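Please look over the sequence and the structure shown here before reading the briefing. The notes that follow are grouped by topic.

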Amino acid sequence: MKLIAKILVLLIASAGGLLLADYFVVGFSVTHDPESFIILTALFAVLQFFLRPILRLLFLPLILLTLGLFTLVINAVLLGILDFSTANLTIEGLQPLIFGTLIMAAAHFAATILWHPSKNS
C-alpha cells in the first residue's frame with residue numbers, strides 16, 4: 001500500500017512540477033493535451049522510480065562529495081532523457097533545463113514534505 005501511495009505522490013509532484021516549469025521557464029514547453037500530459041507525467045514518474053535509484057547508486061561518491069547537489073544533475077539527466085524520448089516535452093537549451101530541474105526538484109521536495117510531515121506535530 002505504501003508503494004502505491006508513493007507512486008501516486010510521485011505522479012502528482014511530477015505533474016505539478018512540469019506545469020510549473022512550463023508556466024515559469026521560457027524555453028520549457030509541455031503539451032497541453034490532457035491525454036498526452038498524463039502519458040508524459042507517467043513516463044517521468046517511471047524514470048524517477050526505476051532509473052533514478054540506479055543513477056544515485058552509480059554516482060554515490062559524487063553525491064557525497066558535493067553534499068547532495070549532484071542529485072540535481074541526475075534530475076537534469078532524467079529530464080533530458082524525457083525530452084529526447086517524447087515529443088510532448090520541449091526543452092530549448094541548457095538554461096531552461098537547469099531552471100526546469102530546479103522547479104521539478106522543488107515540487108518533489110514539497111510533495112515529500114507534505115506526504116511525510118514531521119513526527120513532532
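This is a predicted model: local features need pLDDT of at least 70, side-chain atom pairs count only at pLDDT 80 or more; totals for chains, interfaces and linings use all residues.

Are Tyr 23 and Phe 24 buried or exposed? Both Tyr 23 and Phe 24 are exposed.

**Aromatic pairs**

- The count of aromatic pairs comes to 3.
- Tyr 23 and Phe 24 form an edge-to-face pair, because their ring planes stand at 85 degrees, with the ring centres 4.9 Å apart, and an angle over 60 degrees counts as edge-to-face.
- Phe 49 and Phe 50 also make an edge-to-face pair, with 5.2 Å from centre to centre and 90 degrees between the planes.
- Phe 49 has a relative accessible area of 24%, so it is partly exposed.
- Phe 50 counts as exposed, because its relative accessibility is 53%.

**Helix α1**

- Helix α1 covers residues 2-24.
- This helix has 23 residues, and the distance from its first C-alpha to its last is 32 Å, close to the 33 Å expected at 1.5 Å a residue.
- Its buried residues include Ala 5, Val 9, Ala 13 and Gly 17.
- Others buried in α1 include Leu 10, Ser 14, Leu 18 and Asp 22.
- An α-helix has 3.6 residues a turn, so residues three or four places apart point the same way.
- The buried residues of α1 pack against β1 (28-30), α2, α4 and α5.

- Helix α5 covers residues 94-115.
- The 22 residues of α5 should span 32 Å at 1.5 Å a residue, and the end C-alpha atoms are 31 Å apart, which agrees.
- Among the buried residues of α5 are Leu 97, Thr 101, Met 104, His 108 and Ala 111.
- The cover over the buried residues of α5 includes α1, β1, α2, α4 and β2 (89-91).
- Pro 96 is part of helix α5.
- Pro 96 counts as buried because its relative accessibility is 8%, and the cut-off for buried is under 20%.
- Leaving aside neighbours within four places in sequence, Pro 96 is in contact with Val 25, Val 26, Gly 27, Phe 28 and Ile 91.
- Pro 96 and Ser 29 are 67 residues apart in sequence, and their C-alpha atoms are 9.5 Å apart in space.

**Leu 67**

- Leu 67 sits in the loop between α3 (60-65) and α4.
- Leu 67 is not a glycine, yet its phi is positive, at about 60 degrees.
- Most residues other than glycine have a negative phi.
- Leu 67 has a relative accessible area of 78%, so it is exposed.

**The largest pocket**

- The largest pocket holds about 620 Å³ of space.
- It is lined by 22 residues, and the closest to its centre are Lys 6, Leu 10, Arg 52, His 108 and Thr 112.
- Which element gives the most to the lining of the largest pocket? It is α5, with 7 residues.
- The lining divides into 12 nonpolar, 6 polar and 4 charged residues.

Conventions:
Residues are numbered from 1 along each chain as its sequence is written. Side-chain values use heavy atoms; hydrogens and water are left out. On a 1 Å grid over the protein atoms alone, a cavity is a set of points where a 1.4 Å probe fits but cannot get out, and a pocket is an open set with protein on both sides within 12 Å along at least five of seven lines; lining residues have an atom within 4 Å of a point. Grid points are joined across faces, edges and corners, and a volume is the space filled by probe spheres set on the points. Helices (H or I, at least four residues) and strands (E, at least two) are DSSP runs, numbered from the N terminus. Ala, Val, Leu, Ile, Met, Phe, Trp, Tyr, Cys and Pro count as nonpolar, Asp, Glu, Lys and Arg as charged, and the others, Gly among them, as polar. Buried means under 20% relative accessible area, exposed over 50%, partly exposed in between (1.4 Å probe, protein chains only). Contact means heavy atoms within 4.5 Å. The expected span of a helix is 1.5 Å times one less than its number of residues. Rings of Phe, Tyr and Trp (its six-membered ring) pair if their centres lie within 6.5 Å; planes under 30 degrees apart count as stacked, over 60 as edge-to-face and the rest as tilted.
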